[in-house]
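Here are a few notes on the model you sent over. Have a look at the structure first, then go through the points below.

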Amino acid sequence: MSVTKYLLSERDIPRQWYNIAADLPTPLRPPLHPGTGQPIGPGDLAPLFPMGLIEQEVSRERWIDIPSEVLDLLALWRPTPLHRARRLEQALGTPARIYYKYEGVSPAGSHKPNTAVAQVYYNKKEGVRRIATETGAGQWGCALALACNFFGLEAKVYMVKVSYDQKPYRRLLMETWGGKVTPSPSRETEAGRRILAETPDSTGSLGIAISEAVEDAASREDTKYALGSVLNHVLLHQTVIGLEAKKQMDLAGEYPDVIVACCGGGSNFAGISFPFLYDKIHGRTLDVLGCEPAACPTLTRGHFHYDFGDSVGMTPLLPMHTLGHTFVPAGIHAGGLRYHGMAPLVSQLLNDGLIRAQAFQQTECFEAAVLFARTEGIVPAPESSHAILGAITEARKAKEEGKEKAILFLLSGHGHFDMSAYAAHFAGGLEDFELPACELEGAWDAIQHFPKP
Ligand SMILES: Cc1ncc(COP(=O)(O)O)c(C=O)c1O
């Protein structure tokens with residue numbers, strides 16, 4: 001019988017995170033203070049984050065030890081399996097060998113708990129009692145509620161209103177782990193009240209929810225803020241994925257020709273690709289593809305510029321590929337990919353030509369997701385369907401070119417709480433969004449005067 005899953009034991013859980021900042025050909029530009037335009041220091045971040053995480057944010061050490069308390073929790077679902085997608089290969093009639101690493105086996109159903117447990121650990125260590133955050137699709141909010149539950153902290157989650165209404169079971173999952181969930185924009189913060197005064201029927205966005213959570217954390221002594229993507233320390237925590245995948249590809253006797261992942265803020269993409277990009281930076285040939293929605297094409301149509309991480313303008317300015325912080329993406333079902341910016345680390349790698357990006361429409365992504373469910377069995381999250389379509393596109397290319405290739409993609413989560421999106425797809429009710437250039441101009445105009453990296 002041929003091998004379908006490459007499994008590791010708990011002894012193989014990585015003991016250190018890989019920090020790609022140590023190996024970047026072009027060093028990262030620093031975040032800037034929006035008022036002074038000067039680089040911010042650790043002290044500027046202290047109201048929002050514990051020092052342990054701020055140190056990781058600015059660290060240039062290649063390897064950072066994972067604390068044993070974090071490893072104990074990671075062991076609840078790690079190592080995650082690496083599958084060979086033989087049935088998908090057969091359906092495509094491709095000579096390519098397709099592998100996928102599956103993060104949907106975590107309790108929250110995605111890669112997000114990998115960083116949630118680490119972030120909450122460092123907060124707990126420094127005496128923080130409550131953490132405020134935002135969630136789009138609900139995956140990150142669930143991950144944070146789960147981690148806060150383990151460490152005995154209160155999780156306050158501002159959930160984008162459209163998801164709050166569409167996904168009651170995601171909300172209930174957060175509540176099951178003890179999280180407190182508020183639809184955003186809310187009347188509980190100045191930022192929320194300002195948005196509601198302008199747009200009373202606002203359905204919210206990730207950028208707005210971030211503004212609310214940041215304000216909440218900044219205004220309370222007992223509270224800090226946590227972000228589920230974008231920042232260096234979040235991407236760092238996700239590298240356990242790629243470090244395991246390297247061992248598993250070794251077990252399969254392979255090294256990937258192509259690595260594919262979806263890109264929202266960049267954390268699952270970083271998780272699977274950074275440990276392999278270490279090899280590429282040091283001379284190995286490797287193609288790395290980030291897949292994003294055509295309705296929110298940050299990497300393919302955004303500008304590399306300083307911009308706010310949130311919609312209202314409360315965070316430091318980050319050097320990143322951005323559509324402009326006032327850009328509100330269309331209501332596609334991949335809620336976790338509806339973010340105006342991209343992680344500075346991922347943005348810098350794109351600038352340096354170490355990775356490439358492609359945008360897909362949501363209908364074709366759902367078609368790929370259904371093909372995947374019918375061949376491999378797993379119903380993917382709408383976000384992950386972008387990676388599946390990216391991998392299928394590469395496998396079809398291999399077929400046309402008659403090339404054997406090893407394709408590795410990251411299946412970042414399952415879609416068990418996204419069945420209403422599947423229902424809309426089956427009913428033929430999904431819209432594709434072309435996004436004319438003029439729609440991008442307004443948000444770009446709003447940031448043109450910000451410093452250029
Ligand atoms: C399942 C899943 N995949 C991907 C993403 C995108 O986030 P990131 O780019 O940080 O991995 C999300 C975000 O919510 C998600 O829930």
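**Notes on the ligand shell and the fold**

1. Helix 13 supplies the largest share of the shell around the ligand, with three residues. Bear in mind that this is a predicted model.

2. In total, 21 residues surround the ligand, and the closest are Gln-139, Ser-229, Gly-264, Gly-336 and Gly-413. The elements giving two or more residues to that shell are helix 6 (139-151), helix 13 (267-281) and helix 17 (382-401).

3. On to helix 10, residues 206-218. From first C-alpha to last, its 13 residues reach 18 Å, close to the 18 Å expected at 1.5 Å a residue.

4. Helix 10 is largely enclosed by the rest of the structure, because twelve of its 13 residues are buried. Glu-212, Glu-215 and Asp-216 are among the buried ones, as are Leu-206, Ile-208 and Val-214. The cover over the buried residues of helix 10 includes strand 6 (130-135), strand 7 (154-160), strand 8 (180-184), helix 9 (190-198) and strand 9 (223-225).

5. Zooming out, the protein chain has 19 helices and 15 strands. Its C-alpha trace spans about 60 × 50 × 45 Å along the principal axes.

6. Of the 453 residues in the protein chain, 55% are buried. Among contacts with a separation of 6 or more, 77% come from residues 24 or more positions apart.

Key. Residues numbered from 1 in each chain as written. Predicted model: local features only at pLDDT ≥ 70, side-chain atom pairs only at ≥ 80, totals over all residues. Near = placed C-beta within 6 Å. Helix = DSSP H or I, 4+ residues; strand = E, 2+ residues; numbered from the N terminus. Expected span 1.5 Å × (residues − 1). Buried ≥ 20, exposed ≤ 12 C-beta atoms within 10 Å, placed from the backbone. Contact = placed C-beta atoms within 7 Å.
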